[in-house]
Amino acid sequence: MTTLHGPSARFLAMLPPALLAPVPPDSTSILLSLLQALEEQWLELASDVDRVLDDAFADSAADWALPYLAQVLGLPPDVGRTEIGSVTALRRRRGTPSAIEDFAAVVTGWRTRVTEGWQTTLWSQQLGHPVRRTASLSMRRREHLLAGTGLDPARRSVTPGGSHHPAAATATVFPWQVRGFHLAEACPLPDGRLALHPLGLPTPLYLRPDALVIASDAEDERPPGTPPAARPPRGPGELPLRATWRLIEALAPDEVTYGPVWELAADHPLAAGGDEDPMLLAITVGGLPVHWPDIGLTSLPSTGGPVPGDDQVLADPNRGVLSVGANLTGTVRATFYRPAAGGIGALASQAEGDDRTATVIVVDPALHPHAPGQQVVATLDDAVAAALALTGTHTGPGPDVEIRLATNDRLPAPAPITAEPTVTRWRIIAPAGLAPVITGTLSIASPGLDLELAGVFLEGDLQIGADVDAVTLSGITMNPSAGRTLSVEAGAWTLRLAATRCHLGPILADLSAFPIELTDCIVDGAGVPLSPCGAPPPSPPTVPAVSAIDRFPPQLRATACTFVGPVAVDTITAADCLFMDGVRAVVTSAGCLRYCHLGDADDPLAHPPPFQCISGPLPAIGSTGVESAGYYAPVLTAPSARGADRILTGASDGGEIGAYHHARRGLLALRLAQRLPEMTPLTVHPHLHITTSEE
C-alpha cells in the first residue's frame, strides 16, 4: 500500500502556485494525496520513456530488445550485445585481415590473428598465382625464431589449397583469456626458492594483452581527405601468448644480453609497462620494486641452476619460479599473468560483496582504512573470533556476517571453527580481482552454520563437521597434486553441500538426506601437476573422485562436471558430465545419466540407465591453459565438414561435455567458422584454426 506523504518538492515546483494556495501548511489534504498519486504515474511514464530510449542503443538495451536491433542491422537474431554495438565499426574498415580479427573477437571473445595465404606461399603451381617470394625465411628479420609458433611467417611451396592457398585468409584464434595476479605473495618452496603460483605449482608465464579497441575508418574519425591507415596483423602484445624463450628472443633479439642468465634491456618490449601494468612480470621485495636491470631470466630446475647476485632476482618464465639474492629481504610479491579458458577456479571468480550484509569484517594484513562501519582485522583468526562474538538477530535477506579477504597474501587458516554462533549465515569471500590463499587445513564444524566460501585458493584440506547446516563453494581452487581433499564428517545427515565453478580435490562424504550438488566443477582424483619442462614425473595413483568417508557413499547431483578418478555414489543424477574413470552407483533404479561421457571401460550395469550418453576412447588429457594443478578437458579442434569431436557436440545443447560446458568453446568455434564469409570478399577463402595450449 502506498504511504501518503505528499508529492515531492520537485513536482510541486512545476505546478502553478495558485493551485496550492488553499492548502494549509504542514497538512495532508485530499489535494496533496491526489497530487502524490499523479506524481507516481508521471514517474512511471518517465521511466517508460527512458526505457524506450535505452532500448535504442546496444549497450543499454534490455535483453529482449537485442534481436530486434539485430534485425534492423541485418544481423542474425542471436548475436551478442558487443557485435550489435560494433557492427558499424566492423564494416567500415580498410583491410580484410584486421576486420576479421576484430570480428572474431566480437563473436567469440577470443583474441585472433589473421594471416593471408599469399604472404606464406613461396611457390604455387597455379598459373594465376605467380611466384611472389624468393626465400622461405628472412634470417635478417629473425623470422626463423618464430617457426612453429602461432606467429610463424614461413613461406611454403604447396599446391594451392587449404590455408596456404594464395587467396586464403586464415583466422587463428586463442580460446582463452589472460587474467592477472596483482602483487600476489609468492609461495615458498622446499628448496628455498619461491613459486609465483599461490599453491606453489609450476606456472608458465604469459604476456599481458593490450585492451581490445574496435574503431571504424569512418570519415568523421580522421581529418578530411586523410586515407585510413592499414593496420598490421596483431602482434604479441595483443595476443595471449606464452612467454617462451623463443618468443622472448624474437621480440627484440638486440635488446637481450645472452648467457646462462638472460638480461633484458630497458627498451625490450617485455620490460615495458612499469610496476603497475607490466608486460610480463613485476616483482617487489619488502614493498620495494625490483627493476628489470636487476631481474634475470634463466632456467631454475628443482636441483641446480644459476645463483642470483646479492641484489638480483632470477626468474624462470617456464616454471614460474624465483630465486632471490641475499641482500633482498622481506615479503616477495609479484604481478604476472595466467590464461583462463573458462570461469573455473579462484582466478576467474567474480565474487562481490553483498551490500545487504548486516556486519562486514575486512581481513587486511596491512590494516588499510576501509569503508565506514566495516570492522578491519589483520588475520582470519581475528575475523572468525569477531563473527562468533556477534549478538542479536538479522532478519534481512542478506547474510548475517561477511568476511571479506581484501588482500592477495597468504593467510593462515583459523583454528577449527567449532563454537556455536549466534548469527549463522556467514560469507567468506575474496572480491573479484583478488586471489588470497588460505594455508593449512580449513575446518568448519560450528553447529547450525550456513557458510558460503568464494574466490579463494585452499592450500590445505577442507573439512566439514557433522553439525554444519550448509556449505556453498564458488570459485574455489584446491591442490589435488598435493593430495588435498574435501571431506565431510560421518553423520552429517542434514548437511547441504553445493559447489559451482570450483576445482576440487577428491570428495569424501557419507550418505545424507540431501545430495551433493556440483555445477561446472572439476573433481580431480589424479592430482597430476603441470610439467612445463622436461619429462613429466610419474603419475601418482588415481584415487576415487567421489567416495564414502566411512560406510555408505553420498548421493550426487552433477551438471557439467569433469570427474578424474572413479565415482562411487549411492544415487546419481548427472547431465553433460565427463567421467574419466567411470561411475558406479549403489542404487541403479533411481536417478539418470544424460548427455555424459561414461569413460573408456563403462559398465552399463553399474549405474542408472543412460540417455544419449557416449563411451569409448577418452579425450586428450592435459592442461587447457587454465591455472590449476592440472586440468582435464578435451583439446578443442577446428570444426570441419565432418563435424567436431563428440565431446564438443554431445552435450544437451550441442556444446561441450564436462566442466567447460559453460565456456561454449565448441559452439563458439562452429559459429565463427560459419560466419567468417560475412567479413571476406568473394575471392578470398576464409579458414579457421584453433590454437592449442603450449602447456
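Q: What makes two residues count as touching?
A: Contact means heavy atoms within 4.5 Å. By that rule D400 touches T357, A358, T359, H394, V423, T424 and R425, leaving aside residues up to four places away in sequence.

Q: What kind of model is this, and which residues are used?
A: This is a predicted model, in which local features need pLDDT of at least 70 and side-chain atom pairs count only at pLDDT 80 or more, while totals for chains, interfaces and linings use all residues. Residues are numbered from 1 along each chain as its sequence is written, and side-chain values use heavy atoms, with hydrogens and water left out.

Q: Why is D400 called buried?
A: Buried means under 20% relative accessible area, exposed means over 50%, and partly exposed is in between (1.4 Å probe, protein chains only). D400 has 6% relative accessibility, so D400 counts as buried.

Q: Where does D400 lie?
A: D400 lies in the loop between α10 and β18. Helices (H or I, at least four residues) and strands (E, at least two) are DSSP runs, numbered from the N terminus. The chain has twelve helices and 42 strands.

Q: Why is β18 described as largely enclosed by the rest of the structure?
A: Five of the five residues of β18 are buried, so the strand is largely enclosed by the rest of the structure. V401, I403 and L405 point one way from β18, and E402 and R404 point the other way.

Q: Why is I429 counted as buried, and what does I429 touch?
A: I429 is at 0% relative accessibility, so I429 counts as buried. This residue of strand β20 touches E352, G353, E402, I403, R404, L405 and A454, not counting residues up to four places away in sequence. I429 and V456 are 27 residues apart in sequence, and their C-alpha atoms are 7.1 Å apart in space.

Q: What puts the buried residues of α10 on the same side of the helix?
A: The buried residues of α10 (residues 380–388) are L380, A383, V384, A386 and A387. They cover an arc of only 160 degrees around the axis, which puts them on the same side of α10. The arc is that of the directions from the helix axis to the C-beta atoms. The strands that these buried residues pack against are β16 (359–363), β17 (375–377), β18 (401–405), β19 (410–412), β20 (425–429) and β21 (437–439).

Q: What makes β5 and β11 edge strands?
A: Four strands form an open sheet in the order β5-β15-β10-β11, with antiparallel pairing. β5 (177–185) and β11 (288–290) each have a single partner strand, so one side of each is left without a neighbour in the sheet. The twist averages 30 degrees from one strand to the next; axes are lines fitted to C-alpha atoms, for helices over the stretch in contact, and angles run from 0 to 180 degrees between N-to-C directions.

Q: How many bridges join β10 to β11?
A: Three bridges join β10 (residues 282–285) to β11, and the two run antiparallel. The bridge partner of V285 in β11 is L288.

Q: Why does R338 count as buried, and where does R338 lie?
A: R338 is at 0% relative accessibility, so R338 counts as buried. R338 lies in strand β15 (residues 332–340). The C-alpha atoms of R338 and R179 are separated by 5.5 Å, although the two residues are 159 residues apart along the chain.

Q: Why is R664 called partly exposed, whereas D576 is called buried?
A: R664 is at 29% relative accessibility and so counts as partly exposed; D576, with a relative accessible area of 4%, is buried. R664 is in the loop between α11 (646–649) and α12 (665–675), and D576 in the loop between β37 (572–575) and β38 (578–579).

Technical notes
Two strands pair if DSSP finds at least two bridges between them.
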